[in-house]
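Please open the model in your viewer and keep the selection tool at hand. The stops below go from a recorded domain to a helix pair and then to a recorded site.

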Amino acid sequence: MLNKTQIRYCLDEMGRMFPEAHCELNHSNPFELVIAVALSAQCTDALVNKVTKNLFEKYKTPEDYLGVPLEELQQDIRSIGLFRNKAKNIQKLCRMLLDDYGGIVPEDRDELTKLPGVGRKTANVVVSVAYGVPAIAVDTHVERVSKRLGFCRWKDSVLEVEKALMKKVPEEEWSVTHHRMIFFGRYHCKAQNPQCEICPLLELCREGQKRMKGRGI
């Protein structure tokens, strides 16, 4: 596990590597963001953006999503994995927004997780990106990077990873760290073929050193 000084070094290096790290899901308001994040489960942001380009032109409000048959919405998001389930959840989510929240996406994470298809990760993304509330959303990239570098333990659950990061990263840096870790994991420390040989964090990375040894480097 990394100590405080090593963690600070990692955070600063990731900041240097990806100073412009941000949410890559296209959206123009909290409602579009919650739809986009719900669609992004087990799916790339690039594919979601491709689908939402037309989707967000056709559907502007919760009422719009409820104004079409489920089958039509399914067709509109068909190229996305789990599209049937996601279409069902989107309509349920829209119904709940109208019935319980006056059509407004709540700012509170616990309220957000009551919405169908919205888990803790999605809620953290929405409060952080849409409302500026400090949060760390642990997606596949954040989890991988945290475990490889030793911010947390290999056996930690997603919630334990989130708690470990919240403890070790200053609160005012939670949101930006979340984006930088995603960029670091998506473009550098990839699941397959991470770029260990050119990584500025190699000296501190147990996983990277093991991989380099395995390659005989």
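Begin by selecting residues 39-187, a span that is 65% helix and 0% strand, with its end C-alpha atoms 21 Å apart; helices (H or I, at least four residues) and strands (E, at least two) are DSSP runs numbered from the N terminus. UniProt lists this span as "domain: HhH-GPD" in an unreviewed entry, and such annotations may be inferred rather than shown by experiment. The model is predicted, so local features need pLDDT of at least 70 and side-chain atom pairs count only at pLDDT 80 or more, while totals for chains, interfaces and linings use all residues. Residues are numbered from 1 along each chain as its sequence is written, and side-chain values use heavy atoms, with hydrogens and water left out.

Next, select helix α9 (residues 140-149) together with helix α10 (residues 158-168), which pack at an angle of about 65° with their axes 10 Å apart; axes are lines fitted to C-alpha atoms over the stretch in contact, and angles run from 0 to 180 degrees between N-to-C directions. Show the side chains of Val142, Glu143, Ser146 and Lys147 in α9, which meet Val158, Val161 and Leu165 in α10 (contact means heavy atoms within 4.5 Å).

Finally, select Cys189, Cys196, Cys199 and Cys205, which the unreviewed UniProt entry annotates as "binding site". They span 17 residues in sequence, yet no two of their C-alpha atoms are more than 11.0 Å apart, so they gather at one spot. Among them, Cys196 sits in the loop between α11 (174-187) and α12 (206-214).
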